[in-house]
Amino acid sequence: MKSKTLIIGACGQIGSELTHKLRAKLGVNNVIASDIKARNLDLVTSGPFEIIDAKNKKQLKNCIEKHDIDTVYLMAALLSATGEKFPQKAWNLNTTSLLNILNLAKEKYIKKVFWPSSIAVFGPSTPKKNTPQQTVMEPTTVYGITKQVGERWCAYYHKNYGVDVRSIRYPGIISWKTLPGGGTTDYAIDIFHKALKDGHYECFLTEDTALPMMYMEDAVKATLDIMKAKNSDIKIRSSYNLSAISFTPKQLASEIIKNIPSFTIAYKPDFRQQIANSWPNSIDDTAARQDWNWKHSYDISMISQNMLQQLEKSERLNVL
Ligand code: AKB
C-alpha cells in the first residue's frame, strides 16, 4: 500500500522545516524531499531527495510512482516581491505546478494534497481589519492572482473530482533556520539578522505598516493539523484564513530593543510598500479555529526572544 509523502519545494523556508518535522514523525525514508536545485545541504543530506521541476508533470509522476507517494505538500512558489519582478515566471510556476498535482490526484496517483495560499489573495478593496474568510478579493500582485486562481482550482477539483486538497492562507512566516526569499513580509526576519550583526536595520516598509504574521512553529503545526483533520471537518476547500498576530515594523523594533537596547531602525520604503498596503492588517480565522481546532502559541515577544536566541546560538556554532 502506498504511504509515503513528497514535499515539493523542500529546500525553501517553510518546505525545509516541514520536511524535518515530517521526517521526525513519519520516519526519514517515508518523506521524500524535492526541489528544482539541491540548495539546502542539511535538508538534502538528511534523507531521500529528488531534483524535480514542479512544472513538469512527467517528472512528478515518475517520482510519485518510484517512491509510492500518496500525500503531496506543494510548497514551491515564487513569492510576492520576486513575482512582481518576474510576472510570467511566477504565473508559470505557481499555477502549472498546482494544476499538475491536482491532475495527478484526479488521476488517482495520489490521495491527499496540501497547497499553501496566502494573505496575498486579498487586495486594496478587501476590508483591512479582521479580514473575513469570505470577502471581496481583488489582488493586485501576480503572486496574489496566482493564489486566488489556485484557490478556485482547489475548490473546483474537490467539488468535481473529489480531490482531497487542503489549504491555508499563510500570513508572513517568521523563522530562523532557513532564510525566506522574495516576500514582502521578509523584513520581519531580516530585522533580527541585522539587529545582531549591525545593531541597525533599514526597513523597506514604513513604521506603521501592520501585517498579519506567525512564527514558523505555529505555521508548521497548522499545516500538520489541517492535514490530519477528518475529511468531513474540512468544510472550506478553497483555503482557510489563518491568523496568529499582527504588528508593525515599529512594534517589532520595540520588542528587539527590549533585548538589544542599542538597536536602531530607519525606514526607507521601496516597491514592497505598495504590496504591503494592498494586504490586510489582521485576519479573522474563526473558521479554521472552529472546523479543525486551530490555535496559535507564539506572540510577538516570544517570537522576538526566540529568534534572537536561536540566531545567536547558530552564529556561535558557525564560528566554532
Ligand atoms: C510574501 O510576503 O510574499 C509571503 C506571503 C505573505 O505569502 N510571505
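Student: Is Glu107 buried, partly exposed or exposed?

Tutor: Glu107 is partly exposed, because its relative accessible area is 38%. Buried means under 20% relative accessible area, exposed means over 50%, and partly exposed is in between, with a 1.4 Å probe and protein chains only. This is a predicted model, where local features need pLDDT of at least 70 and side-chain atom pairs count only at pLDDT 80 or more, while totals for chains, interfaces and linings use all residues. Residues are numbered from 1 along each chain as its sequence is written, and side-chain values use heavy atoms, leaving out hydrogens and water.

Student: Where does Glu107 sit?

Tutor: In the loop between helix H5 (87–106) and strand S5 (112–114). Helices (H or I, at least four residues) and strands (E, at least two) are DSSP runs, numbered from the N terminus. The C-alpha atoms of Glu107 and Tyr161 are separated by 9.3 Å, with the two residues 54 apart along the chain.

Student: And how do H5 and H6 pack, at what angle?

Tutor: H5 and helix H6 (residues 142–161) pack at about 10°, and their axes are 10 Å apart. Axes are lines fitted to C-alpha atoms, for helices over the stretch in contact, and angles run from 0 to 180 degrees between N-to-C directions. H5 and H6 are therefore roughly parallel to each other; angles under 35 degrees count as that, over 145 as roughly antiparallel, 65 to 115 as roughly perpendicular and the rest as oblique.

Student: Which residues make that contact?

Tutor: Among them are Trp91, Leu98 and Leu102 of H5, and Val149, Trp153 and Tyr161 of H6. Contact means heavy atoms within 4.5 Å.

Student: Different topic. What are the domains?

Tutor: The domain assignment gives domain 1 (4–172 + 217–241) and domain 2 (173–213 + 244–319). Such bounds come from an automatic or database assignment. The domain centres, taken over C-alpha atoms, are 23 Å apart, and 44 residues of domain 1 are in contact with 36 residues of domain 2.

Student: Which residues touch the most other members in the largest nonpolar core?

Tutor: Ile174, Tyr187 and Trp292, out of 72 residues in that core. A nonpolar core is a set of buried Ala, Val, Leu, Ile, Met, Phe, Trp, Tyr and Cys residues joined through side-chain atoms within 4.5 Å.

Student: Which helix gives the most to this core?

Tutor: Helix H8 (residues 216–228), with 7 residues. The core draws at least three residues from each of domain 1 and domain 2.
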